[in-house]
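Open the model in your viewer and keep the selection panel at hand. This tour goes stop by stop.

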Amino acid sequence: MHIAIIMDGNGRWAKAQGKNRTEGHKIGAKVVKDITTYCSNNEEIKYLTLYAFSTENWKRPKLEVEFLMKLLDNWLKKELETYIKNEVKFEVIGDISKFSKKLQNRIKETKEKTKNFNRLTQVLALNYGSRDEITRAIKRLCDKNEEITEENISKNLDTGINNIPDVDLLIRTSGEVRLSNYLLWQVAYAEMFFTPTLWPDFTPQELNNIIQDFKKRERRFGGI
Ligand code: FPP
């Protein structure tokens with residue numbers, strides 16, 4: 001099973017506590033750890049894709065963008081041992097060429113050191129936007145002079161290149177009901193769940209409840 005999550009509401013959570021937005025992101029990172037650990041211990045879940053930074057997030061105040069970059073770098077440095085302990089493979093989708101060389105190297109190193117694990121693949125969507133991803137996939141096909149087919153487009157998306165399958169279950173926290181340019185191609189047949197819980201308050205228990213609901217839904221993939 002592939003679960004994809006739009007982790008929304010860090011800013012509102014912080015505001016409600018009278019704290020700076022960055023405090024919300026810090027707690028959000030702790031929740032990423034709890035949810036990833038839960039998924040690595042659930043044999044049915046093989047892929048967890050988290051929207052950590054979108055192609056639109058560059059529009060945020062410079063200080064917040066810098067904070068998120070630094071948080072990510074520190075997090076990968078500190079959490080490498082958790083990836084190893086839980087046998088989690090780390091992958092990335094999105095165009096990371098816009099990130100600092102230091103962060104790009106950290107990402108490369110984390111991927112390299114976890115590449116043989118297969119309990120769970122945790123995918124971070126970084127400088128990710130679905131339209132950007134689809135556009136880059138089509139450019140690749142044109143460059144290689146390959147036929148434009150659904151199969152070839154799928155294979156040339158960032159997910160396809162990294163052998164990440166389509167999404168089964170999409171969750172968005174914080175009560176917003178939209179996809180925000182996330183995995184548009186890959187959610188074609190996904191079941192979607194929207195919860196009012198803000199990301200810093202999201203728990204493995206709530207995820208487990210959503211998974212139980214998901215299992216009750218009948219997926220027909222266009223059939224009857
Ligand atoms: C959405 O909340 C969250 C983000 C744009 C960033 C997601 C980042 C994290 C969960 C923490 C860092 C992640 C890792 C992997 C270390 P928002 O800021 O849009 O909240 P708001 O809509 O309430 O303002």
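Helices here are DSSP runs of H or I with at least four residues, numbered from the N terminus. With that in mind, select Thr 159, found in helix α7, residues 158-161. The model you are looking at is predicted.

**Stop 1: Thr 159**

Is Thr 159 buried or exposed? Thr 159 counts as buried, because its relative accessibility is 3% and the cut-off for buried is under 20%. The side chains of Thr 159 and Gln 186 make a polar contact at 2.8 Å. Leaving aside neighbours within four places in sequence, Thr 159 touches Ile 93, Glu 133, Ile 164, Leu 183 and Gln 186.

**Stop 2: Glu 87**

Go to the loop between α3 and β3, where β3 covers 88-93. Glu 87 has its place in this loop. Its relative accessibility is 36%, so Glu 87 counts as partly exposed. Which residues does Glu 87 contact, neighbours within four places in sequence left aside? They are Phe 117, Asn 118, Arg 119 and Leu 120. Next, draw a distance from Glu 87 to Ile 164, C-alpha to C-alpha. The two are 77 residues apart along the chain, and the separation of these atoms is 17 Å.

**Stop 3: the ligand**

Select the ligand and the residues around it. Zoom in on the oxygen atoms of the ligand. One lies 3.0 Å from a polar side-chain atom of Asp 8. At Arg 21, a polar side-chain atom is 2.8 Å from a ligand oxygen. Asn 10 takes part through its backbone: a polar atom there is 3.2 Å from an oxygen atom of the ligand.

**Stop 4: the nonpolar cores**

The largest nonpolar core has 39 residues. Within this core, the residues with the most contacts are Ile 3, Ile 5, Ile 35, Ile 107, Leu 126, Ile 171 and Leu 207. Colour helix α3, residues 62-85: it gives the core its largest share, seven residues.

Pick Ile 5 next. What does Ile 5 touch, residues up to four places away in sequence not counted? The list is Ile 35, Leu 48, Thr 49, Leu 50, Tyr 51, Ile 171, Tyr 182 and Trp 199. A second core is separate and has 14 residues, including Ile 6, Ile 93, Val 123 and Tyr 182.

**Stop 5: the aromatic rings**

Now show Phe, Tyr and Trp. Rings count as a pair if their centres lie within 6.5 Å. By this rule the count is ten aromatic pairs. Start with Phe 53 and Trp 58. Their ring centres are 5.0 Å apart and their planes stand at 75°, so this pair is edge-to-face. Phe 53 is buried, at 4% relative accessible area, whereas Trp 58 is partly exposed, at 35%.

Move to Tyr 83 and Phe 90. This aromatic pair is also edge-to-face, with 5.6 Å centre to centre and 65° between the planes. Both residues, Tyr 83 and Phe 90, are buried. Then select Tyr 51, Tyr 128 and Tyr 182 together: they form one aromatic cluster.

**Last stop: a charge over a ring**

Finish at Phe 193. What lies over the face of its ring? Arg 217 does, at 3.7 Å from the ring centre.

Conventions:
Residues numbered from 1 in each chain as written. Predicted model: local features only at pLDDT ≥ 70, side-chain atom pairs only at ≥ 80, totals over all residues. Heavy atoms only, no water. Phe/Tyr/Trp six-rings, centres within 6.5 Å; stacked < 30°, edge-to-face > 60°. Buried < 20%, exposed > 50% of the residue type's maximum accessible area, 1.4 Å probe, protein only. Lys NZ or Arg CZ within 6 Å of the ring centre and 35° of its normal. Core = buried A, V, L, I, M, F, W, Y, C linked by side-chain atoms within 4.5 Å. Helix = DSSP H or I, 4+ residues; strand = E, 2+ residues; numbered from the N terminus. Contact = heavy atoms within 4.5 Å. Polar contact = N/O pair within 3.5 Å; in protein donor to acceptor, adjacent residues only side chain to side chain.
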